[in-house]
Amino acid sequence: MNYRLSAQFRIDGTGKAVPTADVPDIAVAARHYRAHDHAAVDRVCDAILAREPQHFDALHLRGVSCLQQQQPKLALGFLRRALRERPGDARVHFHIGNVLLALQRYRWAERAFRR
């Protein structure tokens, strides 16, 4: 699976697009993900989230990394936080569906996939 960053800016309190200062950090995390170095992904994403707890890409990538490490409950927490930031993001709904399948919550998984 290839992880693609969603954007290189964020919306500030006034509704204005502001370049994200930590884009290089999330790009580094994405490179670690592509290299299958989940410990490094987790470390970089955690550092980003310590600075910016609502960083969509860090939440999403951390959740995907947890899912691939067979940590579905932890993955679900990160992915739900990412979903709060972007409720209509199909990729997050897809990954939540996969987490719910891993947790054998089949009806909930189906709902996530349909979203």
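Asp89 is buried (under 20% relative accessible area, against over 50% for exposed and in between for partly exposed, with a 1.4 Å probe and protein chains only), its relative accessible area being 13%. In this predicted model, local features need pLDDT of at least 70 and side-chain atom pairs count only at pLDDT 80 or more, while totals for chains, interfaces and linings use all residues. Residues are numbered from 1 along each chain as its sequence is written, and side-chain values use heavy atoms, with hydrogens and water left out.

Asp89 meets Arg91 in a salt bridge (3.2 Å, N to O), a term that denotes a side-chain nitrogen of Lys or Arg within 4 Å of a carboxyl oxygen of Asp or Glu. Arg91 counts as partly exposed because its relative accessibility is 27%. The structure holds five salt bridges.

Another salt bridge joins the side chains of Arg62 and Asp42 (3.2 Å, N to O). Arg62 lies in helix H3 (residues 56-68) and Asp42 in helix H2 (residues 38-51), so the pair ties together parts that are 20 residues apart in sequence; helices here are DSSP runs (H or I, at least four residues), numbered from the N terminus. Both Arg62 and Asp42 are buried.

A salt bridge is also formed by Arg114 and Glu110, whose closest N and O atoms are 2.8 Å apart. These two residues are four residues apart in helix H6 (residues 106-114) and are therefore separated by about one helical turn. Arg114 is exposed, at 67% relative accessible area, whereas Glu110 is partly exposed, at 40% relative accessibility. Through shared partners, salt bridges join Asp42, Asp46 and Arg62 into one network.
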